[in-house]
Amino acid sequence: MKAITLLGSTGSIGTQTLDIVAEYPEQFRIVGLSAGSNINLLAQQIRAFNPSIVAISNPDQLPELKALITDINPQPILLAGEEGIIEVARYGDSEAVVTGIVGCAGLLPTIAAIEAGKDIALANKETLIAGGPVVNPLIKKHGVKLLPADSEHSAIFQCLQGVPQAGLRRIILTASGGAFRDLPVEKLKEVTVADAITHPNWSMGKKITVDSATMMNKGLEVIEAHFLFGLDYNDIEIVIHPQSIIHSLIELQDTSVLAQLGWPDMRLPILYAMSWPERIYTNWQRLDLVKAGNLTFKEPDDQKYPCMSLAYAAGRAGGSMPAVLNAANEQAVALFLEEKIAFLDIPKVIELTCDRHQIDNRQYPTLEDIIESDRWARQEVISASKKLHQKIAV
C-alpha cells in the first residue's frame, strides 16, 4: 500500500485522485490533504480518508473546518495558510505527493516535498514552467522521481518506457483546440466567459479550460516538456487532434513514432503517476477504436492562438522569462474570468508584460528571483490591462 499526500484535494485533479484511492483502497492510503476554500467538501474528504494532517489555504476558515469535524476520532493535525500547506507537503511517511494545486501556488509546497525526499506526481504545470531552473537540480540532488500526472506528459512518459536515453528525437503534443477550435478567428472578439469555460472534450477547472481556449496550455506544456524530457524547443511540436484519443506522441531516432491512446479521462495519467512502475488493473471503459472512429489532425493557427508563440519565445528566452509568462497568463485569465478584460486581451497583456521583462530576465534565477518575477508580472498585467483600456477609450 503506497502512502500518498494530496495537495489541492477539492479541485478537479484532487477529487479524481481521491476517486482512485477510494476505488483501490488496497493500493493507496492518504497521509495528508490540502485544499483551497471548499471546507465542506474538505470535511467530507477528511471523514472518508482519515488523513493524519490537513491544511486549508485561508486561516480565517480554520475554526469553521474544526467545527465541521469535531466528532472525528482521531483528529487530524489542522493547519492553515501557505506554511500549513508546505508542512502537509513535507509531513510524515508519504512516499509520493500528488500536486493538484492550480498555479504558481504549488511551487513552494512541491519544493518542500522534494526536499523531504518524496516522489512527485506532477499535475501542477507551473512547478516546472516557472521553477524548472530550481526544481530540476533539487530533483537530482534529493534522488526523487518526478512523474507527470497530466495526460500529455504522461503519454510521453509512457511511450518512453524502454526507450534508450538517446533514442528520443521529437515530441508531438496533441491539443484538442479548446472551446473555439471550430470558430473563425474573426469571431473571437465576441466570445464570453461562459463560452470560454465550456470544453468540448474534457471536464476541467475554469482556468485550465480558458488556457485550452487560448492554447496557452499547450504552450506551457511545451516548456514543461523541455524541462521534463530535455529536448530543444525546435524538437517539441503541437498538433491539433480534436478527438483527444491520442494523448501525445514521440518520434525516435529511426523515425518510428509511438503514441499513447485512450478515452479522455484524467484518472488514467493520475493513476499511472501514483502507481508507477506498476500497472493496476481497472474496470474503466476500454478504448474501442471502431467506436472512436476517425482520428484527425491539423496544424494550429498562430493567428488564432498567439499564446503558443508567446510561450515558445519565453521558453527560448529561458531564465526567469517562463515564470513571468506563467504569472502573466494566470493574472490575465483571472481578469478575463472577472470580465475585466476581453478574451483577445489575454495575449496582448501577456506580450506587453514579457516585453517589459526582457531587460531584467535572469538567466540563472534563484527561487527568490522566480518568486519576485511572479509577483512583478501579476502587477504588470494589471497595469498593462488598464493602459490597454485607456488606449481603446481614446
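Colleague: Let's begin with the layout. Which residue ranges does the domain assignment give for the two domains of the protein chain?

Modeller: Happy to start there, bearing in mind that the model is predicted. The centres of domain 1 and domain 2, taken over C-alpha atoms, are separated by 28 Å. As for the bounds, the domain assignment gives 2-148 for domain 1 and 314-393 for domain 2.

Colleague: How much area do domain 1 and domain 2 bury between them?

Modeller: The two domains do touch: eleven residues of domain 1 are in contact with twelve residues of domain 2. Of the area buried between them, 73% is on carbon and sulfur atoms. The value you want is about 820 Å².

Colleague: Then which helix gives the largest share of the side of domain 1 that touches domain 2?

Modeller: Two helices each supply at least two residues of that side, α5 (107-115) and α6 (126-142). By class, the residues of the side of domain 1 that touches domain 2 are eight nonpolar, two polar and one charged. The largest share, six residues, comes from α6.

Colleague: Let's turn to salt bridges. How many does a search of the whole structure find?

Modeller: One of them joins the side chains of Asp-71 and Arg-47, at 2.9 Å from N to O. Some also share partners, and these join Lys-125, Glu-152, Lys-218 and Glu-221 into one network. For the whole structure, the search finds 19.

Colleague: Staying with Asp-71 and Arg-47, how far apart in sequence are the parts that this pair ties together?

Modeller: The side chains of Asp-71 and Arg-47 meet in a salt bridge. Asp-71 is exposed at 54% relative accessible area, while Arg-47 is partly exposed at 39%. Asp-71 sits in the loop between α3 (62-68) and β4 (77-80) and Arg-47 in helix α2 (residues 39-49), so the parts tied together are apart in sequence by 24 residues.

Colleague: What about Arg-356 and Glu-380: is Glu-380 buried or exposed?

Modeller: These two side chains form a salt bridge, with N to O at 2.8 Å. Arg-356 belongs to helix α15 (residues 345-357) and Glu-380 to helix α16 (residues 367-393), so this pair ties together parts that are 24 residues apart in sequence. Arg-356 counts as partly exposed, at 44% relative accessibility. Glu-380 has 10% relative accessibility, and since the cut-off is under 20%, Glu-380 counts as buried.

Colleague: In helix α16, what separates Asp-374 and Arg-378?

Modeller: Their side chains meet in a salt bridge of 2.7 Å, N to O. Asp-374 counts as buried, at 11% relative accessibility. Because Asp-374 and Arg-378 are four residues apart in helix α16, what separates them is about one helical turn.

Colleague: Now for some buried residues. What is the relative accessible area of Asn-329?

Modeller: Asn-329 is found in helix α14 (residues 321-337). Leaving out residues up to four places away in sequence, Asn-329 touches Lys-207, Asp-211, Met-216, Leu-220, Ile-346 and Ile-350. Asn-329 is buried, with a relative accessible area of 0%.

Colleague: And which strand holds Gln-260?

Modeller: Gln-260 is buried too, with a relative accessible area of 9%. Beyond residues up to four places away in sequence, Gln-260 touches several others, including Ser-151, Cys-159, His-247 and Leu-268. The strand, residues 257-261, is β11.

Colleague: Last one: how far apart in space are Ile-341 and His-389, C-alpha to C-alpha?

Modeller: Ile-341 lies in the loop between α14 and α15 and counts as buried at 6% relative accessibility. Neighbours within four places in sequence aside, Ile-341 is in contact with residues that include Phe-336, Val-349, Ser-385 and His-389. Ile-341 and His-389 are 48 residues apart in sequence, and in space their C-alpha atoms are apart by 8.4 Å.

How values were computed
Residues numbered from 1 in each chain as written. Predicted model: local features only at pLDDT ≥ 70, side-chain atom pairs only at ≥ 80, totals over all residues. Heavy atoms only, no water. Domains from an automatic or database assignment. Contact = heavy atoms within 4.5 Å. Buried area = accessible area lost by both parts, 1.4 Å probe. Nonpolar A, V, L, I, M, F, W, Y, C, P; charged D, E, K, R; others polar. Buried < 20%, exposed > 50% of the residue type's maximum accessible area, 1.4 Å probe, protein only. Salt bridge = Lys/Arg side-chain N within 4 Å of Asp/Glu carboxyl O.
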